[in-house]
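Look over the sequence and the model before reading on.

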Amino acid sequence: MVVRVRVPASIANFGPAFDAVALAVGLYNEITLEAAVRTEVRVQGEGAGVVPSDDTNLVYRAAAVVAARTGGPQAFALACRNDIPIGRGLGSSAAAIVGGAVAANALARIPLEPAALLELAAGMEGHPDNVAAALFGGAVVLARHGPGWAWARLVPAWDVEYVVAVPEFAVATAQARSVLPDRVPMRDAAANVGRAGLLVAAMLTGRVELLQPAMDDGLHQPYRAPLVPGMAEVFSAARHAGAYGAALSGSGPAIVAVCAPQLSESIGEAMVRAFAAAGHAARHLRLNADLQGAIVVPER
């Protein structure tokens, strides 16, 4: 049996909601998996020739973990066709983990429940926000609760597009985490609580005018700014071109702007120019929310 899975990119943090809010967006990796007598891994598109093409491949590792838990096949033939940029803050590792896990789960005689897949994927990723959005689609809000996670899935009520400026350089998640302090001032933490509340309120009510204050941040973006030359200038360019708000996408270096669909092209061009002024080529992507999450694609 051959299983084909499509899994979306995701935008985490949205400025103030560090490790707490993520949104699935319409940029995809596609994974084809089947039982085999020996390991086979092929990668096309983003990461070809860079990511491992053996059983250390992250998609393969996630599939193997699910197979071990469900009594599934012990070896796979795996093909990945990737459109999600690697190391840019669009959830490429979460998509890899979720894609492999969902594909292997589809081969299992007794598949894991979605909550178990989330726990497994979050354990491999190290944080739950991107994997939850990639798994369930839409926007996901999460908080640690005991040994697991409490979460809710939302469908944003606003009519917007997400413009993502993707620079030529990458920032590893581990590097972006390493620059964060162990402690932050109480005033910054308190301000972010209010902003995160405004962000969720804007999603639920469609009140896009809340996004300019809501997408500001004092917990991670100021500390990551040295890793993203031109970050403040790209934020400013997006807002001056008419964006409702702008923030790092995940841990960066990509930057997302939320905007009216008719302004998205001009806003993306302004963001690219701002990156160029800081010395880095970039491209922009115009994306919509993905409301399905990871799906098993029917055979054609």
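The sections below cover the basis of the model, then the strand, then the cores.

## Basis

This is a predicted model, in which local features need pLDDT of at least 70 and side-chain atom pairs count only at pLDDT 80 or more, while totals for chains, interfaces and linings use all residues. Residues are numbered from 1 along each chain as its sequence is written, and side-chain values use heavy atoms, with hydrogens and water left out.

## Strand S9

Strands are DSSP runs of E with at least two residues, and helices are runs of H or I with at least four, each numbered from the N terminus. Buried means under 20% relative accessible area, with a 1.4 Å probe and protein chains only. Strand S9 (residues 255-259) has five of its five residues buried, so it is largely enclosed by the rest of the structure.

In a regular strand, side chains alternate between the two faces of the sheet. In S9, Ile255, Ala257 and Cys259 are buried on one side, and Val256 and Val258 on the other.

## Pairing

Two strands pair if DSSP finds at least two bridges between them. S9 pairs in the antiparallel sense with S7 (residues 161-167) over five bridges, and Glu161 stands opposite Cys259. S9 also pairs in the antiparallel sense with S8 (residues 245-248), over four bridges; there, Val258 is the bridge partner of Gly245.

## Cores

A nonpolar core is a set of buried Ala, Val, Leu, Ile, Met, Phe, Trp, Tyr and Cys residues joined through side-chain atoms within 4.5 Å. The largest has 75 residues, of which Val98 and Tyr162 touch the most other members. Helix H2 (residues 92-107) gives this core its largest share, ten residues.

Technical notes
Buried means under 20% relative accessible area, exposed over 50%, partly exposed in between (1.4 Å probe, protein chains only).
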